[in-house]
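Dear colleague,

Please find the structure below, handed over for your own work. My findings follow it.

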Amino acid sequence: MFTISAQGKSAKERLDELLYAHGYCVESATITAIPIYYLQPNIRVHISDPETKLNGDYIVSKITIPLSHNGTMQLTATKAA
């Protein structure tokens with residue numbers, strides 16, 4: 001179940017990832033917006049949108065930023081436990 005990682009992850013970090021991924025009801029959100037360049041993966045953000053009834057803290061899992069000057073970014077986040 002545990003393998004030696006070249007990324008330097010310990011067994012506890014891997015266990016935390018597995019518990020987070022499989023221990024909670026996974027709720028995710030995908031947002032399209034103007035680019036926010038200071039956001040990075042694994043950052044906690046608060047999302048509040050009354051239309052879609054999203055409210056709470058989310059962990060950013062994926063960011064797609066275009067290279068064009070007028071493009072929009074796409075952000076994928078999973079709900080924090």
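The largest pocket is lined by Asp16, Glu17, Tyr20, Asn42 and Ile59. A pocket here is an open set of points on a 1 Å grid over the protein atoms alone, where a 1.4 Å probe fits and protein lies on both sides within 12 Å along at least five of seven lines; lining residues have an atom within 4 Å of a point. Its volume is about 220 Å³, taken as the space filled by probe spheres set on the points, which are joined across faces, edges and corners. Helix H1 (residues 11-23) gives the largest share of this lining, 3 residues. By class, the lining comprises 2 nonpolar, 1 polar and 2 charged residues, where Ala, Val, Leu, Ile, Met, Phe, Trp, Tyr, Cys and Pro count as nonpolar, Asp, Glu, Lys and Arg as charged, and the others, Gly among them, as polar.

Please note that this is a predicted model: local features need pLDDT of at least 70, side-chain atom pairs count only at pLDDT 80 or more, and totals for chains, interfaces and linings use all residues. Residues are numbered from 1 along each chain as its sequence is written, and side-chain values use heavy atoms, with hydrogens and water left out.

As to the fold, the chain holds 1 helix and 4 strands, in the order α-β-β-β-β from the N terminus. Helices (H or I, at least four residues) and strands (E, at least two) are DSSP runs, numbered from the N terminus. Strands E2 (residues 44-49) and E3 (residues 54-64) pair antiparallel over 6 bridges; pairing requires at least two DSSP bridges between two strands. Within this pair, His46 has Asp57 in E3 as its bridge partner. E3 is also joined, by 6 bridges and in the antiparallel sense, to strand E4 (residues 73-79), with Ile63 opposite Leu75 in E4.

Two loop residues deserve a remark. Asn42, in the loop between strand E1 (28-33) and E2, has a positive phi near 70° although it is a residue other than glycine. Asn42 is exposed, at 67% relative accessible area. Lys53 lies in the turn of the hairpin formed by E2 and E3, which have 4 residues between them, and has a positive phi of about 60°. Lys53 is likewise exposed, at 74% relative accessibility.

Buried residues make up 19% of the 81 residues in the chain. With a 1.4 Å probe and protein chains only, buried means under 20% relative accessible area, exposed over 50%, and partly exposed in between.

Yours sincerely
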